[in-house]
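Start with the conventions, then follow the packing and the contacts.

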Amino acid sequence: MSSTPQPIRGMQSLIGEEVDRFHAVVAAFDRVRRLYGFKRVEVPILESTAVFARTMGETTDVVSKEMYSFQDRSGDPVTMRPEFTAGIARAYLSEGWQRFAPLKVATHGPAFRYERPQKGRFRQFHQLDAEVLGSADPQSDVELLAFADQLLRELGIGGVSLQLNTLGDGASRDAWRTLLIDYFAAHRSELSEDSQDRLERNPLRILDSKDPRDRPFAEAAPVMTLTAEAEDFFAQVRAGLDAAGVAYQLAPHLVRGLDYYRHTAFEFVTDRLGAQGTVLAGGRYDGLIEQLGGAHTPAVGWAAGIERLSMLIDAPAPDSLDVAIVIEDDGRMADGWSAASALRDAGLSVELVASGSPRKRFDRAVKKGAAEIVVLGTQDGRPTRRIKAGGESRAQAVLGD
Ligand code: ATP
Ligand code: MG
């Protein structure tokens with residue numbers, strides 16, 4: 001006997017309550033993004049590898065270890081997107097989306113990272129994504145954070161806190177980098193191998209390390225000294241959040257894994273998902289579009305893991321069935337189809353129960369939980385119709401007498 005094919009590790013197939021939760025998250029996202037005037041866009045799953053390598057930084061875990069990269073049949077290096085931001089920035093340049101600047105966009109879909117699968121961590125996962133491109137205004141950061149905050153409230157996800165930091169502008173970030181290298185170098189031998197390795201190249205990443213050997217040093221590391229300009233920008237973001245009623249905690253050691261962040265950086269974190277507690281994260285990436293060869297274009301955005309959000313919400317009510325049509329006598333099948341068409345055209349959900357022993361069909365219709373049951377039968381050679389409805393029958397109104 002040949003064995004049946006198995007799914008690829010870290011890639012899920014969903015049914016039932018799990019998929020209902022997933023789509024409840026997407027539906028809430030689509031409702032809330034309209035409230036904030038974010039336009040829906042679509043970008044490809046596959047991009048040239050350079051799109052991600054150039055923007056996310058060769059020294060990041062995503063680019064160095066996690067990407068699904070391969071050569072297509074023409075030998076071109078391509079990568080399945082590990083996130084949305086780089087692809088949206090690419091489209092902004094190659095599709096002329098600059099003409100819409102400042103551009104507020106939202107999208108969602110699958111993303112791929114070759115990581116060790118565990119609770120809340122998959123190799124194919126799905127993100128919600130929201131970005132504002134071509135805006136240097138701190139009010140854009142505020143708007144995105146208010147959007148995220150409202151989304152989490154609409155999903156009924158409590159116990160999530162917004163951790164907020166600034167990574168400063170280029171000048172404050174460079175000075176901080178030098179400080180961090182000196183500080184971590186003094187503790188080099190006590191750090192994890194990964195962190196020793198990235199000490200000179202990407203010391204900010206050590207702050208983000210999950211390795212317990214790095215944590216004490218990450219927590220005691222020097223914090224950034226901001227330039228007056230960066231200080232002012234951050235003050236405006238905080239004032240806007242206060243005015244919009246978005247609560248946050250300052251997190252001076254919060255960095256984002258990717259190289260392109262400047263100024264605002266943030267994460268919405270819960271303690272309900274173990275080590276996978278970050279449900280939504282993002283920040284300002286003023287340098288990214290330049291790294292792709294475009295003009296200086298300030299931008300800010302966030303992404304959220306749909307699976308992680310799904311795990312935190314209550315199961316939505318399952319789809320309801322308005323009408324079940326029971327075909328008591330197989331000779332009434334054609335009438336069943338025409339009644340079903342009329343009811344569906346009127347916007348009612350309908351299932352036909354027309355197989356198995358005729359005596360059991362009514363019980364099967366009851367089990368489906370239909371609000372109304374229409375029974376089509378025959379008596380003394382004449383067609384009959386009975387309707388069982390709790391109150392006034394919607395089926396009767398559509399089908400007539
Ligand atoms: P983590 O620290 O958990 O690895 P990250 O910093 O790599 O997260 P981002 O690149 O900021 O994650 O992606 C944004 C969001 O996408 C995360 O906050 C998380 O909710 C989700 N996410 C990222 N990687 C995965 C994954 N492998 N499986 C499921 N969700 C993920
Ligand atoms: Mg990660």
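What follows covers a helix, then the surroundings of a ligand.

This is a predicted model: local features need pLDDT of at least 70, side-chain atom pairs count only at pLDDT 80 or more, and totals for chains, interfaces and linings use all residues. Residues are numbered from 1 along each chain as its sequence is written, chains are lettered from A and ligands numbered from 1 in the order written, and side-chain values use heavy atoms, with hydrogens and water left out.

Take helix α4, residues 85-94. Helices are DSSP runs of H or I with at least four residues, strands runs of E with at least two, numbered from the N terminus. Eight of the ten α4 residues are buried (under 20% relative accessible area, 1.4 Å probe, protein chains only). Among them are Ile88, Arg90 and Tyr92. The buried residues pack against β2, α2, β5, β6 and α11 (contact: heavy atoms within 4.5 Å). Just after α4, Gly96 has a positive phi of about 70 degrees.

Now turn to ligand 1. It is surrounded by 15 residues (a heavy atom within 4 Å). The closest are Arg113, Glu115, Arg121, Lys210 and Arg256. β6, β10 and β11 each supply at least two shell residues. β10 gives the most, with three.

Polar contacts pair N or O atoms within 3.5 Å. A polar side-chain atom of Arg121 lies 2.8 Å from a ligand 1 oxygen. For the side chain of Gln127, the N or O distance to a ligand oxygen is 3.1 Å. Val279 uses a backbone N or O atom, 3.3 Å from a ligand oxygen.

Technical notes: Buried means under 20% relative accessible area, exposed over 50%, partly exposed in between (1.4 Å probe, protein chains only). A polar contact is a pair of N or O atoms within 3.5 Å; within protein, one must be able to donate a hydrogen and the other to accept it, and residues adjacent in sequence count only if both atoms are side-chain atoms.
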